[in-house]
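Hi,

Here is the structure I said I would pass on.

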Amino acid sequence: MILLAVPNLAGREGEYLQQCITTTFVSTVGEFVGRFESLVAEASGAPFCVATSAGTTALHAGLVALGVRPGDLVICPSLTFIASANAISHAGATPWLMDVNRESWTLDPDAMADSLERNTRRTPDGLIHLASGRRVSAVVAVFTLGCPVDMDPVMEIARSYGLKVLVDGAAGLGANYKGRAPAETGADLVMFSFNGNKTVTAGGGGALVGHDETLMKLVRHLTTTARTSPDYDHDMVGFNYRMTNLQAAVGCAQMENLDMFVAAKRRIAARYDAALADGNSVHRFPDPDWADSACWFSGIYAPFLTAEQHADIRARLRENNIDARPFWKPMHLQKPYADAPRSSMDVTDAIWPHVLTLPCSTALTEDEQEYVIDCVKKELARAGL
Ligand SMILES: Cc1ncc(COP(=O)(O)O)c(C=O)c1O
(Lines give C-alpha, C1' and ligand atoms only; values in the text may rest on other atoms or scores of the structure.)
Protein backbone atom coordinates (compact mmCIF):
# COMPACT_ATOMS: atom_id res chain seq x y z
CA MET A 1 0.00 0.00 0.00
CA ILE A 2 1.30 3.49 -0.84
CA LEU A 3 0.31 5.23 2.37
CA LEU A 4 -0.89 8.81 2.69
CA ALA A 5 1.84 10.30 4.90
CA VAL A 6 4.38 8.20 6.73
CA PRO A 7 7.36 9.51 8.71
CA ASN A 8 10.73 9.73 7.01
CA LEU A 9 13.17 8.43 9.62
CA ALA A 10 16.32 8.21 7.49
CA GLY A 11 18.31 10.71 9.57
CA ARG A 12 19.90 10.45 13.02
CA GLU A 13 16.71 9.41 14.85
CA GLY A 14 18.11 6.02 15.96
CA GLU A 15 21.42 7.48 17.09
CA TYR A 16 19.74 10.17 19.19
CA LEU A 17 17.25 7.72 20.71
CA GLN A 18 20.13 5.46 21.69
CA GLN A 19 21.76 8.43 23.43
CA CYS A 20 18.61 8.83 25.54
CA ILE A 21 18.76 5.18 26.56
CA THR A 22 22.49 5.26 27.26
CA THR A 23 22.24 8.40 29.40
CA THR A 24 18.90 7.26 30.98
CA PHE A 25 17.36 10.64 30.11
CA VAL A 26 14.11 9.37 28.65
CA SER A 27 11.64 11.66 30.40
CA THR A 28 10.96 15.40 30.31
CA VAL A 29 14.48 16.38 31.38
CA GLY A 30 17.31 15.98 28.89
CA GLU A 31 19.44 17.82 26.38
CA PHE A 32 17.28 17.06 23.37
CA VAL A 33 14.28 18.97 24.71
CA GLY A 34 16.19 22.25 24.90
CA ARG A 35 17.88 21.60 21.56
CA PHE A 36 14.53 20.84 19.92
CA GLU A 37 13.03 24.05 21.33
CA SER A 38 15.91 26.08 19.90
CA LEU A 39 15.54 24.47 16.47
CA VAL A 40 11.78 25.05 16.35
CA ALA A 41 12.13 28.63 17.61
CA GLU A 42 14.67 29.41 14.91
CA ALA A 43 12.69 27.77 12.11
CA SER A 44 9.50 29.58 13.09
CA GLY A 45 10.93 33.08 13.54
CA ALA A 46 10.38 33.31 17.31
CA PRO A 47 12.81 33.89 20.17
CA PHE A 48 11.01 31.49 22.53
CA CYS A 49 9.65 27.94 22.26
CA VAL A 50 8.09 25.50 24.71
CA ALA A 51 7.86 21.87 23.56
CA THR A 52 4.79 19.92 24.67
CA SER A 53 3.44 16.36 24.73
CA ALA A 54 1.12 17.03 21.74
CA GLY A 55 -0.22 19.79 19.55
CA THR A 56 -3.56 19.54 21.34
CA THR A 57 -1.97 20.09 24.75
CA ALA A 58 0.01 23.02 23.35
CA LEU A 59 -3.25 24.59 22.16
CA HIS A 60 -4.92 24.02 25.53
CA ALA A 61 -2.03 25.48 27.53
CA GLY A 62 -1.73 28.36 25.06
CA LEU A 63 -5.38 29.31 25.39
CA VAL A 64 -5.19 29.25 29.19
CA ALA A 65 -1.99 31.34 29.11
CA LEU A 66 -3.73 33.87 26.84
CA GLY A 67 -6.45 34.32 29.46
CA VAL A 68 -9.27 32.28 27.91
CA ARG A 69 -11.66 31.51 30.77
CA PRO A 70 -14.44 28.97 31.27
CA GLY A 71 -17.61 30.25 29.61
CA ASP A 72 -15.79 32.30 26.94
CA LEU A 73 -16.30 32.06 23.20
CA VAL A 74 -13.21 31.56 21.02
CA ILE A 75 -13.38 32.18 17.27
CA CYS A 76 -12.27 29.15 15.25
CA PRO A 77 -12.76 28.04 11.63
CA SER A 78 -15.22 25.19 11.23
CA LEU A 79 -12.91 23.59 8.67
CA THR A 80 -10.24 22.20 10.98
CA PHE A 81 -9.16 19.03 12.72
CA ILE A 82 -11.27 18.51 15.83
CA ALA A 83 -8.28 19.11 18.13
CA SER A 84 -8.53 22.89 17.53
CA ALA A 85 -12.12 22.94 18.81
CA ASN A 86 -11.44 20.37 21.53
CA ALA A 87 -8.61 22.47 22.99
CA ILE A 88 -11.07 25.37 23.26
CA SER A 89 -13.48 23.04 25.09
CA HIS A 90 -10.69 21.77 27.35
CA ALA A 91 -10.17 25.40 28.41
CA GLY A 92 -13.87 25.49 29.38
CA ALA A 93 -14.75 27.76 26.45
CA THR A 94 -16.88 27.17 23.35
CA PRO A 95 -15.77 27.58 19.75
CA TRP A 96 -17.54 30.29 17.74
CA LEU A 97 -17.31 28.63 14.35
CA MET A 98 -16.51 30.70 11.27
CA ASP A 99 -16.44 30.03 7.55
CA VAL A 100 -13.20 29.88 5.56
CA ASN A 101 -12.46 31.71 2.29
CA ARG A 102 -12.15 30.05 -1.11
CA GLU A 103 -8.70 31.42 -1.71
CA SER A 104 -6.95 29.66 1.16
CA TRP A 105 -9.50 27.41 2.93
CA THR A 106 -8.48 29.27 6.10
CA LEU A 107 -10.38 31.60 8.45
CA ASP A 108 -12.17 34.20 6.35
CA PRO A 109 -11.35 37.71 7.69
CA ASP A 110 -14.56 39.09 6.12
CA ALA A 111 -16.74 36.46 7.84
CA MET A 112 -14.94 37.18 11.09
CA ALA A 113 -15.33 40.98 10.80
CA ASP A 114 -18.98 40.67 9.80
CA SER A 115 -19.80 38.24 12.64
CA LEU A 116 -18.08 40.43 15.22
CA GLU A 117 -19.74 43.59 13.91
CA ARG A 118 -23.26 42.13 13.94
CA ASN A 119 -23.11 39.88 17.01
CA THR A 120 -21.02 41.58 19.70
CA ARG A 121 -20.91 44.69 21.82
CA ARG A 122 -17.93 46.20 23.61
CA THR A 123 -18.30 46.55 27.39
CA PRO A 124 -15.95 47.41 30.26
CA ASP A 125 -15.83 43.64 30.96
CA GLY A 126 -14.72 42.85 27.43
CA LEU A 127 -16.33 41.93 24.15
CA ILE A 128 -19.74 40.34 24.69
CA HIS A 129 -21.56 38.02 22.29
CA LEU A 130 -25.09 39.41 22.15
CA ALA A 131 -27.11 36.20 21.79
CA SER A 132 -25.34 34.23 24.56
CA GLY A 133 -24.01 37.00 26.81
CA ARG A 134 -20.62 35.24 26.74
CA ARG A 135 -17.28 37.00 26.60
CA VAL A 136 -15.34 36.61 23.34
CA SER A 137 -11.66 36.36 24.23
CA ALA A 138 -9.53 34.88 21.46
CA VAL A 139 -9.13 33.62 17.91
CA VAL A 140 -7.65 30.29 16.84
CA ALA A 141 -6.44 30.72 13.24
CA VAL A 142 -5.66 27.40 11.52
CA PHE A 143 -3.08 26.94 8.73
CA THR A 144 -5.21 24.50 6.70
CA LEU A 145 -3.05 21.90 4.89
CA GLY A 146 -0.02 23.98 5.92
CA CYS A 147 -1.30 27.08 4.08
CA PRO A 148 -1.06 30.32 6.10
CA VAL A 149 -4.10 32.32 7.10
CA ASP A 150 -4.34 35.84 5.64
CA MET A 151 -2.85 37.09 8.90
CA ASP A 152 -2.68 40.88 8.31
CA PRO A 153 -6.46 41.44 8.19
CA VAL A 154 -7.09 38.78 10.85
CA MET A 155 -4.63 40.51 13.22
CA GLU A 156 -6.08 43.94 12.47
CA ILE A 157 -9.63 42.80 13.22
CA ALA A 158 -8.58 40.82 16.30
CA ARG A 159 -6.62 43.75 17.73
CA SER A 160 -9.44 46.21 17.06
CA TYR A 161 -11.74 44.00 19.19
CA GLY A 162 -9.09 43.28 21.85
CA LEU A 163 -8.87 39.57 20.97
CA LYS A 164 -5.79 37.37 21.50
CA VAL A 165 -4.64 35.30 18.53
CA LEU A 166 -3.29 31.77 18.67
CA VAL A 167 -2.20 30.31 15.32
CA ASP A 168 -2.88 26.58 15.00
CA GLY A 169 -0.02 25.97 12.62
CA ALA A 170 -0.13 22.22 13.30
CA ALA A 171 1.25 21.46 9.84
CA GLY A 172 2.62 24.91 9.11
CA LEU A 173 6.30 24.65 9.94
CA GLY A 174 8.14 25.76 6.79
CA ALA A 175 5.25 27.89 5.51
CA ASN A 176 5.63 31.61 4.80
CA TYR A 177 3.12 34.45 4.88
CA LYS A 178 4.23 37.36 2.67
CA GLY A 179 7.80 36.15 3.18
CA ARG A 180 7.38 35.96 6.94
CA ALA A 181 7.78 32.81 9.02
CA PRO A 182 4.71 31.69 11.07
CA ALA A 183 5.82 33.45 14.26
CA GLU A 184 6.53 36.69 12.36
CA THR A 185 2.87 37.28 11.59
CA GLY A 186 1.96 39.18 14.77
CA ALA A 187 0.07 36.33 16.50
CA ASP A 188 0.45 36.08 20.26
CA LEU A 189 1.33 32.39 20.05
CA VAL A 190 1.88 29.85 17.29
CA MET A 191 1.43 26.12 17.80
CA PHE A 192 2.95 23.25 15.81
CA SER A 193 2.17 19.54 15.95
CA PHE A 194 4.80 16.81 15.65
CA ASN A 195 2.30 13.99 15.36
CA GLY A 196 3.34 11.01 13.19
CA ASN A 197 1.55 12.26 10.06
CA LYS A 198 3.17 15.70 10.13
CA THR A 199 6.04 16.73 7.83
CA VAL A 200 8.36 16.77 10.84
CA THR A 201 7.46 14.32 13.60
CA ALA A 202 8.60 13.59 17.13
CA GLY A 203 6.47 10.43 17.25
CA GLY A 204 3.99 12.73 18.93
CA GLY A 205 4.41 16.16 20.40
CA GLY A 206 3.76 19.82 19.97
CA ALA A 207 5.26 23.23 20.55
CA LEU A 208 4.25 26.80 21.24
CA VAL A 209 6.41 29.66 19.99
CA GLY A 210 6.13 33.37 20.67
CA HIS A 211 7.83 36.70 21.21
CA ASP A 212 6.49 37.71 24.62
CA GLU A 213 8.94 36.42 27.22
CA THR A 214 6.51 36.79 30.13
CA LEU A 215 3.78 34.92 28.25
CA MET A 216 6.19 32.16 27.22
CA LYS A 217 7.39 31.80 30.82
CA LEU A 218 3.75 31.34 31.83
CA VAL A 219 3.31 28.70 29.10
CA ARG A 220 6.38 26.84 30.39
CA HIS A 221 5.11 27.10 33.95
CA LEU A 222 1.61 25.87 33.05
CA THR A 223 2.93 22.90 31.08
CA THR A 224 5.22 21.82 33.95
CA THR A 225 2.47 21.42 36.60
CA ALA A 226 3.00 25.06 37.68
CA ARG A 227 5.82 23.90 39.91
CA THR A 228 7.67 26.62 41.81
CA SER A 229 10.31 24.42 43.50
CA PRO A 230 11.48 20.80 43.47
CA ASP A 231 9.83 20.42 46.89
CA TYR A 232 6.35 19.83 45.52
CA ASP A 233 5.31 23.48 45.58
CA HIS A 234 2.81 24.55 42.92
CA ASP A 235 1.09 27.94 42.61
CA MET A 236 -1.59 27.23 40.01
CA VAL A 237 -3.61 24.40 38.52
CA GLY A 238 -1.04 23.40 35.91
CA PHE A 239 -0.71 20.60 33.39
CA ASN A 240 1.71 17.74 32.86
CA TYR A 241 2.19 18.66 29.20
CA ARG A 242 5.96 18.65 28.66
CA MET A 243 7.63 16.86 25.76
CA THR A 244 9.89 13.94 26.70
CA ASN A 245 13.56 13.67 25.78
CA LEU A 246 12.67 10.57 23.71
CA GLN A 247 10.23 12.57 21.61
CA ALA A 248 12.65 15.48 21.34
CA ALA A 249 15.48 13.14 20.23
CA VAL A 250 13.37 12.10 17.23
CA GLY A 251 12.26 15.70 16.76
CA CYS A 252 15.86 17.01 16.67
CA ALA A 253 16.87 14.49 14.01
CA GLN A 254 13.78 15.45 12.00
CA MET A 255 14.39 19.18 12.33
CA GLU A 256 17.83 18.67 10.77
CA ASN A 257 15.94 17.70 7.61
CA LEU A 258 13.14 20.27 7.77
CA ASP A 259 14.16 22.13 4.60
CA MET A 260 14.57 18.92 2.64
CA PHE A 261 11.19 17.61 3.86
CA VAL A 262 9.32 20.83 3.00
CA ALA A 263 10.99 20.92 -0.43
CA ALA A 264 9.88 17.30 -1.02
CA LYS A 265 6.30 18.13 0.03
CA ARG A 266 6.22 21.10 -2.37
CA ARG A 267 7.70 19.03 -5.20
CA ILE A 268 5.11 16.29 -4.71
CA ALA A 269 2.28 18.85 -4.63
CA ALA A 270 3.61 20.52 -7.79
CA ARG A 271 3.70 17.18 -9.65
CA TYR A 272 0.10 16.36 -8.74
CA ASP A 273 -0.95 19.88 -9.72
CA ALA A 274 0.76 19.67 -13.10
CA ALA A 275 -0.60 16.20 -13.88
CA LEU A 276 -4.14 16.36 -12.50
CA ALA A 277 -5.44 19.91 -12.06
CA ASP A 278 -7.11 21.52 -15.07
CA GLY A 279 -8.40 24.58 -13.18
CA ASN A 280 -11.87 23.72 -14.40
CA SER A 281 -13.29 20.51 -12.98
CA VAL A 282 -10.18 19.46 -11.05
CA HIS A 283 -8.39 22.04 -8.91
CA ARG A 284 -5.14 22.14 -7.02
CA PHE A 285 -5.09 22.82 -3.27
CA PRO A 286 -5.04 26.51 -2.26
CA ASP A 287 -2.11 28.62 -3.37
CA PRO A 288 -2.92 32.23 -2.52
CA ASP A 289 -0.52 34.97 -3.70
CA TRP A 290 0.36 35.91 -0.15
CA ALA A 291 1.40 32.44 0.99
CA ASP A 292 4.03 29.80 0.44
CA SER A 293 2.22 26.77 1.78
CA ALA A 294 4.20 24.09 3.57
CA CYS A 295 2.11 21.66 1.44
CA TRP A 296 1.54 19.23 4.29
CA PHE A 297 -0.97 17.19 2.30
CA SER A 298 -1.29 16.99 -1.47
CA GLY A 299 -4.33 16.16 -3.53
CA ILE A 300 -7.13 17.56 -5.60
CA TYR A 301 -10.41 19.40 -5.18
CA ALA A 302 -13.05 18.09 -7.60
CA PRO A 303 -16.23 20.03 -6.88
CA PHE A 304 -18.38 18.46 -9.62
CA LEU A 305 -18.02 14.97 -8.21
CA THR A 306 -20.54 14.06 -5.53
CA ALA A 307 -19.48 12.81 -2.11
CA GLU A 308 -20.54 9.31 -3.27
CA GLN A 309 -18.35 9.53 -6.36
CA HIS A 310 -15.44 10.64 -4.19
CA ALA A 311 -16.04 7.63 -1.89
CA ASP A 312 -16.08 5.29 -4.93
CA ILE A 313 -12.82 6.76 -6.21
CA ARG A 314 -11.18 6.33 -2.81
CA ALA A 315 -12.38 2.71 -2.62
CA ARG A 316 -11.04 1.88 -6.09
CA LEU A 317 -7.72 3.58 -5.40
CA ARG A 318 -7.48 1.50 -2.24
CA GLU A 319 -8.04 -1.66 -4.33
CA ASN A 320 -5.00 -0.48 -6.29
CA ASN A 321 -2.99 -0.14 -3.06
CA ILE A 322 -3.26 3.63 -2.94
CA ASP A 323 -4.19 5.26 0.34
CA ALA A 324 -6.38 8.20 -0.71
CA ARG A 325 -8.53 9.90 1.89
CA PRO A 326 -11.18 12.57 2.39
CA PHE A 327 -10.28 15.71 4.33
CA TRP A 328 -11.52 17.19 7.63
CA LYS A 329 -15.25 17.00 8.27
CA PRO A 330 -16.09 20.49 9.58
CA MET A 331 -16.86 21.19 13.22
CA HIS A 332 -20.43 22.40 12.67
CA LEU A 333 -21.23 18.88 11.41
CA GLN A 334 -19.62 17.12 14.38
CA LYS A 335 -21.81 15.95 17.26
CA PRO A 336 -19.95 17.79 20.06
CA TYR A 337 -20.13 21.11 18.17
CA ALA A 338 -23.52 20.90 16.46
CA ASP A 339 -24.92 23.59 18.79
CA ALA A 340 -21.88 25.87 18.80
CA PRO A 341 -22.56 29.40 17.54
CA ARG A 342 -21.52 29.84 13.93
CA SER A 343 -21.42 32.03 10.87
CA SER A 344 -22.92 30.84 7.57
CA MET A 345 -20.82 27.99 6.19
CA ASP A 346 -21.26 28.45 2.43
CA VAL A 347 -17.61 27.97 1.52
CA THR A 348 -16.85 25.24 4.06
CA ASP A 349 -19.92 23.25 2.97
CA ALA A 350 -18.99 23.69 -0.68
CA ILE A 351 -15.43 22.49 -0.21
CA TRP A 352 -15.06 19.68 2.26
CA PRO A 353 -17.02 16.82 0.58
CA HIS A 354 -15.03 17.25 -2.64
CA VAL A 355 -11.45 17.00 -1.40
CA LEU A 356 -9.28 13.98 -2.19
CA THR A 357 -5.93 13.73 -0.40
CA LEU A 358 -3.26 11.60 -2.08
CA PRO A 359 -0.04 9.91 -0.94
CA CYS A 360 2.53 12.58 -0.12
CA SER A 361 5.14 11.08 2.20
CA THR A 362 8.44 12.91 1.81
CA ALA A 363 10.10 9.65 0.70
CA LEU A 364 7.49 8.99 -2.03
CA THR A 365 9.42 8.02 -5.18
CA GLU A 366 8.74 9.47 -8.63
CA ASP A 367 7.69 6.02 -9.84
CA GLU A 368 5.23 5.64 -6.99
CA GLN A 369 3.79 9.07 -7.68
CA GLU A 370 3.49 8.34 -11.42
CA TYR A 371 1.56 5.19 -10.56
CA VAL A 372 -0.78 7.18 -8.26
CA ILE A 373 -1.27 9.83 -10.97
CA ASP A 374 -2.12 7.19 -13.61
CA CYS A 375 -4.66 5.52 -11.33
CA VAL A 376 -6.27 8.84 -10.33
CA LYS A 377 -6.49 9.91 -14.00
CA LYS A 378 -8.30 6.64 -14.85
CA GLU A 379 -10.74 7.18 -11.96
CA LEU A 380 -11.43 10.79 -12.96
CA ALA A 381 -12.06 9.68 -16.57
CA ARG A 382 -14.37 6.92 -15.37
CA ALA A 383 -16.31 9.55 -13.36
CA GLY A 384 -16.69 11.59 -16.55
CA LEU A 385 -14.09 14.31 -15.90
C1 LIG B 1 -5.12 21.60 12.53
C2 LIG B 1 -4.68 20.71 13.65
N3 LIG B 1 -4.76 21.16 14.91
C4 LIG B 1 -4.37 20.41 15.94
C5 LIG B 1 -3.85 19.14 15.76
C6 LIG B 1 -3.49 18.33 16.96
O7 LIG B 1 -2.17 18.00 17.07
P8 LIG B 1 -1.76 16.69 17.88
O9 LIG B 1 -2.23 15.51 17.10
O10 LIG B 1 -0.27 16.79 17.93
O11 LIG B 1 -2.38 16.77 19.23
C12 LIG B 1 -3.73 18.63 14.45
C13 LIG B 1 -3.20 17.32 14.10
O14 LIG B 1 -2.99 16.35 14.51
C15 LIG B 1 -4.17 19.43 13.37
O16 LIG B 1 -4.11 18.99 12.10
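A term to start with: a crossing is left-handed if the near helix is turned anticlockwise from the far one by less than a right angle, and right-handed if clockwise. Helices (H or I, at least four residues) and strands (E, at least two) are DSSP runs, numbered from the N terminus. Residues are numbered from 1 along each chain as its sequence is written. Keep in mind that this is a predicted model: local features need pLDDT of at least 70, side-chain atom pairs count only at pLDDT 80 or more, and totals for chains, interfaces and linings use all residues.

Now the ligand. Its shell holds 14 residues, of which Gly 55, Thr 56, Ala 83, Ala 170 and Ser 193 come nearest (a residue is near a molecule if its C-beta atom, placed from the backbone, lies within 6 Å of it). Sorted by class, that shell has six nonpolar, seven polar and one charged residues. The classes are Ala, Val, Leu, Ile, Met, Phe, Trp, Tyr, Cys and Pro as nonpolar, Asp, Glu, Lys and Arg as charged, and the others, Gly among them, as polar. At least two shell residues come from each of H3 (55-65) and H4 (82-90).

How do H3 and H4 pack? Their axes come within 8 Å and cross at roughly 40 degrees. Axes here are lines fitted to C-alpha atoms, for helices over the stretch in contact, and angles run from 0 to 180 degrees between N-to-C directions. H3 and H4 are therefore oblique to each other; angles under 35 degrees count as roughly parallel, over 145 as roughly antiparallel, 65 to 115 as roughly perpendicular and the rest as oblique. H3 passes H4 in a right-handed crossing. On the H3 side, Gly 55, Thr 56, Leu 59, His 60 and Leu 63 meet Ala 83, Ser 84, Asn 86, Ala 87, Ile 88 and His 90 of H4, where contact means C-beta atoms, placed from the backbone, within 7 Å. That contact divides into five nonpolar, six polar and no charged residues.

Next, H1 (residues 13-23) and H8 (residues 245-255): the angle is about 155 degrees, with the axes 8 Å apart, so the two are roughly antiparallel. H1 passes H8 in a right-handed crossing.

Last, H10 and H12 (residues 366-382). Their axes come within 10 Å and cross at roughly 140 degrees, and this crossing is right-handed. Ile 313, Arg 316 and Leu 317 of H10 make the contact with Cys 375, Val 376 and Glu 379 of H12. By class, the contact has four nonpolar, no polar and two charged residues. After H10 comes Asn 321, with a positive phi near 65 degrees.

Cheers

Technical notes. Contact = placed C-beta atoms within 7 Å.
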